[in-house]
Amino acid sequence: MWAVASATALPAFLIPLYNPDLFWHLSIGRWIYLHGALPYSEFLSFIAPGKPWLDFEWLSQLLFHGFYSAGGFFGLWLLKIALLFSCWFVFDLALRENEIDSHVRAGSLALWALGALAWSDIRPELFSLLGFSLCLWRLEAVRLGRLKPSWGLAAQACALFALWANLHAGFPFALILIAIYVLGELVSARVLRAFQLAGLAGVGAVSALVNPFGTGPYRV
């Protein structure tokens with residue numbers, strides 16, 4: 001079963017780079033590297049040069065530039081594979097938390113791979129997929145009583161959302177996910193845990209403001 005699932009997953013991991021947005025991401029990453037600063041106005045646009053611009057993916061673009069400088073398109077392809085594999089691995093950890101049978105987990109890998117085909121390119125959204133998967137894994141551990149909300153977990157949430165807000169603006173989806181788990185805890189009459197998870201959401205929401213544009217990623 002795992003062999004079949006792995007074969008199903010291969011296309012998502014091995015598809016070559018095809019996203020045309022990659023080239024302007026690389027251009028911006030190179031600009032940031034050369035100037036040691038962030039662009040706050042359009043410099044690539046033909047129709048709106050100089051227009052104020054909120055580059056909420058600046059850290060992803062800088063990473064893309066670094067991997068491209070080190071290994072060309074092959075280096076970017078390896079980064080894509082690493083990010084996709086990390087997303088799947090963390091998702092599988094969430095299944096392990098629920099003690100899911102290995103055959104069912106293998107089937108889940110196949111389904112995950114089919115869903116990942118639409119995102120099987122190097123793009124900043126991959127960092128949001130990874131961040132969302134990490135939140136799902138930790139929330140499942142809390143729901144099952146295997147992980148207690150603590151200051152350590154709050155510190156992890158702080159670091160994750162602060163980093164995430166500089167990589168891509170998809171972090172609000174994780175805040176919505178936490179809110180769903182809060183509602184689940186309230187329905188299950190676990191009020192204390194619901195408040196603890198709400199506190200984690202608050203920590204994440206505030207930590208996401210640690211970026212050069214303040215509330216900018218929220219506006220995006």
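The largest pocket holds about 250 Å³ of space. On a 1 Å grid over the protein atoms alone, a pocket is an open set of points where a 1.4 Å probe fits, with protein on both sides within 12 Å along at least five of seven lines; lining residues have an atom within 4 Å of a point. Volume is the space filled by probe spheres set on the points, which are joined across faces, edges and corners.

The model is predicted, and totals for linings use all residues, whereas local features need pLDDT of at least 70 and side-chain atom pairs pLDDT 80 or more. Numbering runs from 1 along each chain as its sequence is written, and side-chain values use heavy atoms, without hydrogens and water.

**Exercise 1.** Describe the lining of the largest pocket.

*Step 1.* Find the centre. Of 14 lining residues, Cys 135, Arg 138, Leu 153, Ala 157 and Leu 160 are the closest to it.

*Step 2.* Assign elements. α5 (125-143), α6 (151-167) and α8 (191-207) each give two or more residues. Helices here are DSSP runs of H or I, at least four residues, numbered from the N terminus. α5 has the largest share, 6 residues.

*Step 3.* Sort by class. The lining has 12 nonpolar, 1 polar and 1 charged residues. Nonpolar means Ala, Val, Leu, Ile, Met, Phe, Trp, Tyr, Cys and Pro; charged means Asp, Glu, Lys and Arg; the others, including Gly, are polar.

**Exercise 2.** Do likewise for the second largest pocket, of about 200 Å³.

*Step 1.* List residues. Among them are Phe 91, Trp 112, Trp 119 and Phe 132.

*Step 2.* Assign elements. α3 (58-97), α4 (102-116) and α5 each supply at least two. α5 gives the most, 4 residues.

*Step 3.* Sort by class. The count is 9 nonpolar, 2 polar and no charged.
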